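Work through the exercises below with the structure open. Try each task before you read its solution.

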Amino acid sequence: MATLQTNLIFILGLLAVAGTVSGHNITEVLSGFPDYSQYSSFLTQTKLDDEINSRQTITVLVLNNAAMSALAAKHPLSVIKNALSLHVLLDYYDPTKLHQISNGSTLSTTLYQTTGNAPGNLGFVNITDLKGGKVGFGSAAPGSKLDSSFTKSVKQIPYNISILEINAPIIAPGILTAPAPSASDVNITALLEKAGAKTFAKLIVSSGVIKTYQSAIEKGLTLFAPSDEAFKTPGTPDLTKLTNAELVSLLLYHSVAGYTPKGTLKTTKASISTLATNGAGKYDLSVTTAGDSITLHTGVDSSRLADTVVDSTPLVIFTVDNVLLPTELFGKSPSPAPAPEPVSSPSPTPVVAPTPASLSPSPLGASPPAPPAENPGVAPADSPGAESENSTSRKSAGHVEAPALLTILVTLSTTVVSSIFLF
C-alpha cells in the first residue's frame, strides 16, 4: 500500500511538471502589472513581444513606467527596439540563479546580438553578483559600468521565462545614437543589390513597383526578395511572357503591408495578405516553421526565408530561395501524373517433357519470397521530416505542448489509483 501511494505521488508530481510545460505571452503576463504598461506597449509596437513569445528559456528585464518614459523620450521606434532587445536575455535567470553565478560574473547573449546590428560584443550583457546581495547589469562593452541593478522578481515560469525588474536601462555604447531610417532615406534597390537580389531590384524599378514600396515604408513594409539564383531555379516560369499587369502583381506578391519581422512570422498562423491582394484575387501566403526555419507557401510552390537584409522598424527585407508564384497567376501546384500501367505481352506456354528428374523432389529448398520493395509513393506526411514540420507548425505561438506525455501519465495515474482502491 505504501509503495502504491509513493508511486501515485510521483506520477502526480510528473503531471504537475508536465502541466507547466506551456508557453508564455509576455504582454498578457505584464497586463497584470500596471507599473510596466509602457514597457509592454513598446514591446507590442516594436513586435518584440512576438519574438519573446516564440522563444523558450528566456529572461526579460523590465523597466517601470518612469524608467521606460525616460528611455523612450526623443528616440524613434527603431532605436527603442534595439535598446529593449538588449534587455531580453537568451537564458533563464531567476533570483536564485543570479546569486549563484560562477565566479560572480557572467556575460549573457541578448536578442540584440541576434539582429546583426550589434558590432563586437555590444549584444551581450554583463551580470555581476555584487556584495551585499545586490546584482548589477551593464553592457559587455569594455569600460562599461554596471549602471542597472536587480530590483525585484516579477514572474517566473520555471526554466521557460523569467521576468525581473531592474532600476535603470542597460545602455550599450552608441545604441541610442544610431540613425533612424526614414522613408526618403532608405534605398531599397541598393540594399537588394548588396544582398544578391539584383534581378529583383531591376524588375521593381523597370515595372514602377519601387514607387509603391517607397510610399508604403512609412506605415511599415515587409519584402521577400528572391535571390538572383532563385530566378535560375528549374521550374521558374519565363517572366517575359507575363503582361505588365501580371508582372506588377507578381512583384507586389513579394511584399506585405506592415512591419513583420521574423519573430512575428514565426507566430503567424493565419494566411498573410500581400500588396497584390485585391478584389479579383486573394494573393495570400501561408507560413510554417520548423525550429528557427521559416517557409512561405503560395499554393504553387514554397520558399525558405533565407537571410535578413535589414530589420529596422518600420522596414524589414528578407531574401528567399525561390520566386513566390501565386495561384492567381500560375494555378495550383500540379499533381504528379499517375504511373503508367505495365503492359504485359503474352508469353508462350512452356512445354516440359516429363522426366524422372522432374518427378523427383529438388534437393534445394524453395527460394524464399523476395522482400517487398520500398513503396515510392509514400505520402510526404508519412515521412519523418514532414511529420517534424507538421508538428512544428501545429504548435501555437510560444507554446510547447506535451499531449503524449500527459496521456501516458494520466493513464498511469488512473491505473495506480485503481490499484489502491482495489487493494
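**Exercise 1. Classify Thr 57: is it buried, partly exposed or exposed? Then place it in the chain.**

Solution. This is a predicted model, so start from its computed values.
- Step 1. Thr 57 has a relative accessible area of 35%.
- Step 2. Buried means under 20%, and exposed means over 50%. Thr 57 is therefore partly exposed.
- Step 3. Thr 57 sits in the loop between helix 4 and strand 1 (58–62).
- Step 4. Now check the backbone. Phi of Thr 57 is near 60°, a positive value in a residue other than glycine.

**Exercise 2. Lys 47 is not a glycine; what is its phi? Where does it lie?**

Solution. 
- Step 1. Phi of Lys 47 is positive, about 65°.
- Step 2. Lys 47 belongs to the loop between helix 3 (37–45) and helix 4 (48–53).
- Step 3. Its relative accessible area is 24%, so Lys 47 is partly exposed.

**Exercise 3. Describe the setting of Ser 162: buried or exposed?**

Solution. 
- Step 1. Find Ser 162 in strand 7 (residues 161–166).
- Step 2. Its relative accessible area is 0%, so Ser 162 is buried.
- Step 3. List partners beyond four places in sequence. Among them are Ile 58, Thr 59, Val 60, Tyr 92, Tyr 93 and Asp 94. Lys 155 and Gln 156 are also in contact with Ser 162.
- Step 4. Look at the polar side-chain atom of Ser 162. The backbone oxygen of Tyr 93 lies 2.7 Å from it.

**Exercise 4. Find the largest nonpolar core: how many residues has it?**

Solution. 
- Step 1. The largest nonpolar core has 47 residues.
- Step 2. Ile 188, Leu 192, Phe 200, Ile 204, Tyr 213 and Phe 224 have the most contacts inside it.
- Step 3. Strand 14 (residues 315–320) gives the largest share of this core, five residues.
- Step 4. Zoom in on Phe 200. Beyond four places in sequence, its contacts include Leu 192, Tyr 213, Phe 224, Phe 231, Leu 251 and His 254.
- Step 5. Look for another core. A second, separate one has 46 residues, including Leu 43, Leu 63, Ala 118 and Val 125.

**Exercise 5. Describe how helix 11 and helix 12 pack.**

Solution. 
- Step 1. Two packed helices are described by the angle between their axes and the distance between the axes.
- Step 2. Helix 11 (residues 209–216) and helix 12 (residues 244–252) pack at about 35°. Their axes are 10 Å apart.
- Step 3. The crossing is right-handed.
- Step 4. Name the residues that meet. Val 209, Thr 212 and Tyr 213 come from helix 11, and Val 248, Leu 251 and Leu 252 from helix 12.
- Step 5. Sort them by type: five nonpolar, one polar and no charged.

Terms used. Residues numbered from 1 in each chain as written. Predicted model: local features only at pLDDT ≥ 70, side-chain atom pairs only at ≥ 80, totals over all residues. Heavy atoms only, no water. Core = buried A, V, L, I, M, F, W, Y, C linked by side-chain atoms within 4.5 Å. Buried < 20%, exposed > 50% of the residue type's maximum accessible area, 1.4 Å probe, protein only. Helix = DSSP H or I, 4+ residues; strand = E, 2+ residues; numbered from the N terminus. Contact = heavy atoms within 4.5 Å. Polar contact = N/O pair within 3.5 Å; in protein donor to acceptor, adjacent residues only side chain to side chain. Axes fitted to C-alpha atoms, helices over the stretch in contact; angles between N-to-C directions. Left-handed = near helix turned anticlockwise from the far one by under 90°. Nonpolar A, V, L, I, M, F, W, Y, C, P; charged D, E, K, R; others polar.
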